[in-house]
Amino acid sequence: FLDRLPHRLELFDDVIPVLNKLKSSMGITIGLISNLPNDSQFLSNLGLDPYLDILVTSDKSKSMKPHREIFDLAIKKSMVPASECIHVGDQYHSDILGARAARINPILIDRYGNFDKKLDCPKIKNLAELVTLLEAGGVRQDS
């Protein structure tokens, strides 16, 4: 499947340093929820394996974002209450609305400034801003 994607997938420069900080310094359980098929080689090639505690794909959950089932499976695997979970995604409909339906606190990452209107969730421009947001405790929303 991945060989049919129109573009080569690469990590942004901030991904590994921030995942390392979240995992080692902050003790956060890290998961990946993806509509891509389960492909551990893909994760290995990107260098994500050492940082991920949980991987939930559309193959495993039999559903795709924004459907609640894919998020619910991630919650179950994490053994963390949904209210303490955070989902960072770059798509408002599939990531933000999907996470919110599962009672997960959503954060929109908008690296290119595509969402210029006021949103009903926190918005960050890069992952370093996620660390700042977490350290300030400004993530949880009343839903």
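The dialogue below sets values against definitions.

Mentor: This is a predicted model, in which local features need pLDDT of at least 70 and side-chain atom pairs count only at pLDDT 80 or more, while totals for chains, interfaces and linings use all residues. Residues are numbered from 1 along each chain as its sequence is written, and side-chain values use heavy atoms, with hydrogens and water left out.

Trainee: What pattern does the chain follow along the sequence?

Mentor: The pattern reads α-β-α-β-α-α-β-α-β-β-α, with six helices and five strands. Helices (H or I, at least four residues) and strands (E, at least two) are DSSP runs, numbered from the N terminus.

Trainee: Why is strand β4 called largely enclosed by the rest of the structure?

Mentor: Buried means under 20% relative accessible area, exposed means over 50%, and partly exposed lies in between (1.4 Å probe, protein chains only). Five of the five residues of β4 (residues 105-109) are buried, so the strand is largely enclosed. N105, I107 and I109 point one way from β4, and P106 and L108 point the other way. In a regular strand the side chains alternate between the two faces of the sheet. For the chain of 143 residues, 38% count as buried.

Trainee: What makes β3, β4 and β5 an open sheet of three strands?

Mentor: Two strands pair if DSSP finds at least two bridges between them. Four bridges join β3 (residues 86-89) to β4, and two bridges join β4 to β5 (residues 123-124); both pairings are parallel. I86 stands opposite N105 in β4, and I109 stands opposite I124 in β5. The order of the open sheet is β3-β4-β5, and β3 and β5 are its edge strands, since each pairs on one side only.

Trainee: Which elements make a right-handed β-α-β unit?

Mentor: The unit is made by β3, helix α5 (residues 92-101) and β4. A crossover is right-handed if, with the strands pointing away from the viewer, the path from the first strand over the helix to the second runs clockwise.

Trainee: How do you know whether C85 and C121 are buried or exposed?

Mentor: C85 has a relative accessible area of 13% and is therefore buried. C121, at 8% relative accessibility, also counts as buried.

Trainee: How many disulfides does the structure hold?

Mentor: The structure holds zero disulfides, a disulfide being a pair of cysteine sulfur atoms within 2.5 Å.

Trainee: What is noted about the backbone at M79, R103 and P66?

Mentor: Most residues other than glycine have a negative phi, and most peptide bonds are trans. M79 has a positive phi of about 60 degrees although it is not a glycine, and R103 has a positive phi of about 70 degrees although it is not a glycine. The peptide bond from K65 to P66 is cis, with omega near 20 degrees. M79 is found in the loop between α4 and β3, R103 in the loop between α5 and β4, and P66 in the loop between α3 (58-61) and α4.

Trainee: Why is M79 called exposed, and why is R103 called partly exposed?

Mentor: M79 has 74% relative accessibility and therefore counts as exposed. R103 has 47% relative accessibility, so R103 counts as partly exposed.
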